[in-house]
Amino acid sequence: MQTTPRWPVRLLATVLVATALTGPSTASTAAAVPAATGVTATAVGAAVPLAGYQVQSTAATSDTGATVSRPGYAAAGWFPAAPRSTVLAALLQNSRYADPFYSTNMRNIPAGDFTVPWWYRSEFSVADAPGVRTFLDFSGVISKADVFVNGTQVAGSAQVAGAYTHHEVDVTALVQAGTNAVAFKIYPNDANRDLTVGWIDWVQNPPDRNMGIFRDVLIRRNGGVSLRGGHVLTTLTGALDQATLTAKVDARNDTAAAVTATIAGQVAGVTIATSVSLAARETKTVTVGAVTLAAPQVWWPAGMGAQPLYDLDLSATAGGTVTDTTHERFGVRTVTATLDASGHRAYRINGRPLLIKGGGWSPDLFLRWDPTSVEDRIRYTLDLGLNTIRLEGHLEPDEFFEMTDRLGVLTLPGWECCNKWEGNANGGEPGDAWGSADFVVAKASMAAEAARLRNHPSVISFLIGSDFAPSATVEQNYVDALRAADWPTPVIAAASDKSSPMLGSSGMKMTGPYDWVPPNYWYTKREGGAFGFNSETSAGPDVPTLDTLRRMMSAGELDTLWQSPASTQYHRSPSGTFNNLGIFNNAMIGRYGAATSLEDYVRKAQLQQYENVRAQFESYGRNFKDGTNPSTGVIYWMLNSGWTSLHWQLFDRYLDQNGAYYGAKKANEPLHIQYSYDTRSVVVVNARPAAAGGLTARTAVYNLDGTQLYTNTATGLSVAGDGGSTTAVTIPSISGLSSTYLVKLTLTNPAGQEVSRNVYWLSTAGDVIDYSRNTWYYAPTSSYANLKGLSGMATAPVSASAASTAGADGTTTTAVTLRNTGTGKVPAFYLDAHVLGAGAAPVLPITWNDNAVSLWPGESTTLTATYRTADLHGAAPSVRIAGWNVATQTVPAGGGPARTRFEAEGATVSQGAVESNHRNFSGTGFVNCDNVSGSYVQWTVNAAAPGPATLTVRYSNGTATNRPASVAVNGTVVAAGQAFTSTNDWDTWASVTLAVNLTAGSNTIRVTATTANGPANLDYIEVG
């Protein structure tokens, strides 16, 4: 029988509730404070995080914990680390490796360095105060640790095991007034053997497997009676006009003598108090008081109401002395999640039905905590029209849930699949079966997370299983821990269609897909289609913008991306199922045609992602209120990625927004008009709380040349709120359609204002799904829709102008006005705007009122973007406009001369290619024409009025020889043999400027080589 060591300092039970963070914010950033500076804990009730660490491999030092944990230890050659840091995060912070997010750099990090334990040491100070006790309070150790304070071991890896167990160690007998030291000996992590954190098949695994400490370690001080785990139970009447608040807290006597304490304070501004008698070392959960609020401020998800929060403040007094204080925030709301008539999990918030629309969360690959970055991602969630984030494992620090409380984003936390967490129930998937110690760790983990999350109104459930429901014993342990913590919201057996003995059916499904399926897939009520609650699903790949791709992949990898459709992609997944883009690429080739360049591949990928993501959310939105087999929830897999990825993300690591982003944003408009792939009906969906009436829906169908073949106007439409829908029209069969055609839908309010606009590109030959070959991750397509006609669309002229206004709040707003100035019928299709800052790089993060829009001749729109002024990095803003059949142009947006830039990569090229293998170009590339006479680049330039203009051509000539070219405007040569002299190397750019005359409307500008050397490399032209 193995015995547990008796440490000389008392280790409080690891199943203690998670402690409340008091005093100043405990948020930490990626920048470490040198550990030698320490932190100081003084006041009773203080909970101060360690300021940072020094870390070192045990392979690099033979010193023991007794030595490493001594104050003043000479940690020569150790690495400074942030207060929340994995080992690899610390080494990256110290520039030990090249950017692991670029190319295959992460493969070069030696995984063998992380097969041995690593030391973490820090120092802290305490003030001498009679009767005040000191505690080391922590969770978030991956995967286990021995712990030392001032040369003495206070806990061992048998106790400190599991990423989520909470520990509080009484170190009063060891600490001294002044400087003290703590050391953690962190053991290697293996998610298949430890109840910690794993990455499943989402990303390439970090070489250190996230070993380290990813939450704050607190120095906590109190007198003889401590307060932990303050929380408030709330009950709300159905009319929402009265709430009962019951405040509870754990009172603990940390002394060897019995004591009576008074616990007093306020809940929601109302005074409460009680007294409690505690035996020596006893802990009691105390009900401090219950109050009734008339007309309470009710907490709602964003879009349904406001997000007010209340405070709980308590203090303990014994012998006339305040011994401890605690502070918590909470919200008043009710959550139910019953099974509907079809057996689906259906959520109601404060009695109102809610379609759960969300995405799966991924933290930073190295678990680095950056509050600004995290809040940016949560705000993107709202911008996408989503209301929920699912956390499958990777349960973020307290600040994450404080943000979701404040911003009104619901969360669905739970344990992860496919590793040790489901080792007892996961069939043939990875993950060791549990030993006796694992049951203890799992229950302690549940108790700690339940106590930590229970006060947050944004947390609406806990999923105790993911792919599998837990066994009866594990379920009982989880449920017991949740009940002991007064868990206030539904507990779900699994994220899949599983049942457990106590909780019964999960009411959820996990039927895929996870790889590409056509848009019409989502409308069929089978597998992953729009019925029930789909806890994780998407059409898989989400190829980023070209800007991001160039940041994350080498030139050779980018060539492979578009030239070798079935090749393994390091930036997809380590899984053999998801390690390439073959299914996605085959669909693109079959539907849009083979890519002719990287640029063509990326633009086709954006269209394919947009239409698919839009259909996924639109189908679930339309079917929410169906009388039979309705949809009740859908979680896009995934919301974001923790690294530079080619799949499972609505926005990329750098926060750029692509077709997937704008497809979701369009589909989730609060009042929305949409097309149904299954019935050809045009439906208006209203996710707003209130009904909408007096609406007008206009439907028009066009061939790609702009010829209108069908139109319908439905007036006087009314739509119920909270997810109601109504059908405006069903589009009939139409003769004379081109194989690829467009449908434009617009919705106007009673004042005639456009409130929703939606454009579809469709085919007379639809996608055909072969359900007989359906797999767990996708349904094969036996024949594809024909969207190849898009590649032959005529060019449309678009004028663009932009202006910016800097606000006092540190943000800038840029308004971009676009107009299709064509005199014919051809629409300007899929116009995308990017605000550019220093180095012509996209300004990110950014929110647009709309983007990826299409305009018919004579139509105009104003797109409005908001971003942090600092993210311009001192540059004046400009806006790059690109479109499917529109020349790329860049317009100034921050003052200066009104000049419009037209990038060469958006022009027509004869005998040449777009490249990016040299530096300092504008946009996403430049044109390298063949070394032959007659090779050329031709731009289409729109002019609002006829008259003179200045033309600037930017070029690079890395040879010593002049490369002359002729410059022609509208077919007339304006500069014959224009010199493009040497720039010494291909990374240096120069310009030539010419006076030209333009006609009103569309103009062509062509630069043509006049010698066998070909022209110089061409970057862009500017006209003004």
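Strands (E, at least two residues) and helices (H or I, at least four) are DSSP runs, numbered from the N terminus. The model is predicted: local features need pLDDT of at least 70, side-chain atom pairs count only at pLDDT 80 or more, and totals for chains, interfaces and linings use all residues. Residues are numbered from 1 along each chain as its sequence is written, and side-chain values use heavy atoms, with hydrogens and water left out.

**View 1. Two cis peptide bonds in loops.** I142 and S143 are joined by a cis peptide bond, with omega about 0°. S143 sits in the loop between strand 9 (141-142) and strand 10 (144-149). A cis peptide bond also joins G512 and P513, again with omega about 0°. P513 belongs to the loop between strand 32 and strand 33.

**View 2. T524 in the loop between strand 32 (504-505) and strand 33 (532-537).** T524 is partly exposed, at 29% relative accessible area. Here buried means under 20%, exposed over 50%, and partly exposed in between (1.4 Å probe, protein chains only). Leaving out residues up to four places away in sequence, T524 touches G529, A530 and Y771; contact means heavy atoms within 4.5 Å. T524 and Y677 are 153 residues apart in sequence, yet 9.6 Å apart in space, C-alpha to C-alpha.

**View 3. Positive phi at two alanines.** A268 has phi near 50°, a positive value in a residue other than glycine. Its loop runs between strand 18 (259-267) and strand 19 (270-278). A268 is buried, with a relative accessible area of 19%. A840 is not a glycine either, and its phi is positive at about 60°. A840 lies in the loop between strand 46 and strand 47 (847-848).

View 4. Among the contacts of L790 beyond four places in sequence are Y592, L607, W761 and W884.

**View 5. Helix 5 (residues 436-453).** Of its 18 residues, 13 are buried, so helix 5 is largely enclosed by the rest of the structure.

View 6. On a 1 Å grid over the protein atoms alone, a pocket is an open set of points with protein on both sides within 12 Å along at least five of seven lines, while a cavity is a set where a 1.4 Å probe fits but cannot get out; lining residues have an atom within 4 Å of a point. Grid points are joined across faces, edges and corners, and a volume is the space filled by probe spheres set on the points. The pocket has 50 lining residues, with R551, R653, Y654, L655 and L844 nearest its centre. Helix 3 supplies the largest share, five residues.

**View 7. The second largest cavity.** Its volume is about 120 Å³. Of its 13 lining residues, Y610, V759, A852, V853 and S854 are closest to the centre. Strand 41 contributes four, the largest share.

How values were computed. The expected span of a helix is 1.5 Å times one less than its number of residues.
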